[in-house]
Amino acid sequence: MSIDNIDFLNLLENEETLDPENWDELKTLGHEMVDVMLDFLKNQRKYPAWRKPGDDVKNFLSESLPQESEARNKVFHDFVNNILPYSKGNVHPRYWAWVEGGGTPFGMLADMLASGMNPNLGIGDHAAMYVELQVLNWIKEFLGFSSEASGLLVSGGSVANFTALTVARNSIDAEIRTKGLFEARSRLTIYGSTETHSCVQKSIETLGLGSDSFIKIPVDKDYKIDLKELQQAISKDKKRGRLPFCIVGNAGTVNTGAIDPLNELAVLAKREKLWFHVDGAFGAFAAVVNELKKEIQGLHEADSLALDLHKWMCMPYETGCVLIKNKELHRKAFQLDPPYLTSHERGLPAGPESFGNYGLQLSRGFRALKVWMSLKEHGSEKYKRIIKQNIAQAKYLEYLIRQSDKLELMAPVSLNIVCFRFSNPELTTKELNALNREILMTLHERGIAIPTYTFLGNKYVLRVANVNHRSRKEDFEMLVKAVAEIGNILLEEGFIKRPMVVD
Ligand SMILES: *Cc1c(COP(=O)(O)O)cnc(C)c1O
């Protein structure tokens, strides 16, 4: 059998398309969809912060592949009944889990427009390409990053870090692209604090360097990288014939929001001739807060910067961004010119240089549109105020925790992340860990608020990462009250299985 067996003339008597037969009907449904979604966002405060998807939902979502067409109306209502109510919660005012932005209504609509146009931003002379170039310039301007830098919108911080570290790796040895690491002169070594996000290690592994090449440097009591230890590690590695090539600085660690001493790291990197990369997934935006400018200044010295727009900039998922100061090195890491991608003087292939020359993806969606529309909708000043508001709320939460005799602050609040726990002097670390874990799950199950957790040393802590433009003061008051109450009740109910005094 081959395609010669396809009776093409006969088949083409009845050509089909995926477009609707009745456009007016779809228009009506489309309007209903917009209404439902805007109400969903508008009314978030009335909903529980989280609802567990029940067995009915899980069963519904295990049905097998539909073979025949279903009415669009039904498909939409299946979504409304079985998917929409069980949202992750990150659109809710009391969601502070991991570091996750809540999106915006206008951003949602922008995504619809982008999907409707459905351009592929790999290559070509079309408006969407210029939109992405423009928003990259806007992001650089907003952060005060070098206007010469090249950049790329990517899915998120992980891919942004990966892209930057690829450039860093290749910059050290021009032959890596052809010969691979097998022929590398010596073992490439990279440095970052123990608080560095796991996606950096994943990148290093994926880049073929091996996680043993990632030297994790201890942090001080403020969770910032220890410069002395870093310097010693670099010297030691040089002596033993390794090839240090990169320092990763954190502008906002995921655990506590700590900002590494970026200035000093920049100086050290320059002195040692190392690439200086900054993971600023959310914390890069501290650069727009006047009070933090000094602390984060070193960010501007970075050779590359990874950041997310779906976190603190509240753009809908997925929107990350990577900036590389040396455009030539950026291109050198990814450029290929296959015959089907060469540019022309005129026509569609005459557009700006292919974004494919600056990253792994060739086909790329129009994520730039939501960035463009959102930045226009609010202007940079409003974003600055929201970012500052989130920091102020974190300080307010710190204040509430310090006021409470049940709660204990577990790390300095240096940005927008607050780590704390329910505490009781009679309990061991193990018991406190179990108790706080139970408190967390109860908070979620009751739909009260959604912080998450981390371990600081061997201590389980509740962790609030505030990039939420919907949160208000009273939401943090509610959280603090609920944690204290749940903790007390659990103790009273004998959660800890040994005799103890509960006050
Ligand atoms: C979230 C985060 C990442 C990963 O970014 P994704 O957008 O989730 O891929 C990396 N580093 C830090 C500091 C982060 O907070």
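This is a predicted model: local features need pLDDT of at least 70, side-chain atom pairs count only at pLDDT 80 or more; totals for chains, interfaces and linings use all residues.

Modeller: Just after α6, Gly144 takes a positive phi of about 70°.

Colleague: How many residues does helix α6 have, and what does it reach from its first C-alpha to its last?

Modeller: Helix α6 covers residues 127–143, which is 17 residues. From first C-alpha to last it reaches 25 Å, close to the 24 Å expected at 1.5 Å a residue.

Colleague: Which residues of α6 are buried?

Modeller: The buried residues are Ala128, Met129, Val131, Glu132, Val135, Leu136, Ile139, Lys140, Phe142 and Leu143. In an α-helix, residues three or four places apart point the same way, because there are 3.6 residues a turn.

Colleague: And what covers those buried residues?

Modeller: The cover includes the strands β2 (150–154), β7 (304–308) and β8 (320–324), together with helix α14 (368–403).

Colleague: Changing topic, what is the volume of the largest pocket?

Modeller: Its volume is about 520 Å³. The lining has 15 residues, and Asp19, Pro20, Glu21, Ser69 and Arg72 are the closest to the centre.

Colleague: Which helix gives the largest share of that lining?

Modeller: Helix α2 does, with four residues. By type, the lining divides into five nonpolar, four polar and six charged residues.

Colleague: What about the second largest pocket, how many residues line it?

Modeller: The second largest pocket is lined by 19 residues, with Met37, Phe40, Leu41, Val91 and Gly102 nearest its centre. Its volume is about 410 Å³. The largest share of this lining, three residues, comes from α2. This lining divides into ten nonpolar, seven polar and two charged residues.

Conventions. Residues are numbered from 1 along each chain as its sequence is written. Side-chain values use heavy atoms; hydrogens and water are left out. Helices (H or I, at least four residues) and strands (E, at least two) are DSSP runs, numbered from the N terminus. The expected span of a helix is 1.5 Å times one less than its number of residues. Buried means under 20% relative accessible area, exposed over 50%, partly exposed in between (1.4 Å probe, protein chains only). Contact means heavy atoms within 4.5 Å. On a 1 Å grid over the protein atoms alone, a cavity is a set of points where a 1.4 Å probe fits but cannot get out, and a pocket is an open set with protein on both sides within 12 Å along at least five of seven lines; lining residues have an atom within 4 Å of a point. Grid points are joined across faces, edges and corners, and a volume is the space filled by probe spheres set on the points. Ala, Val, Leu, Ile, Met, Phe, Trp, Tyr, Cys and Pro count as nonpolar, Asp, Glu, Lys and Arg as charged, and the others, Gly among them, as polar.
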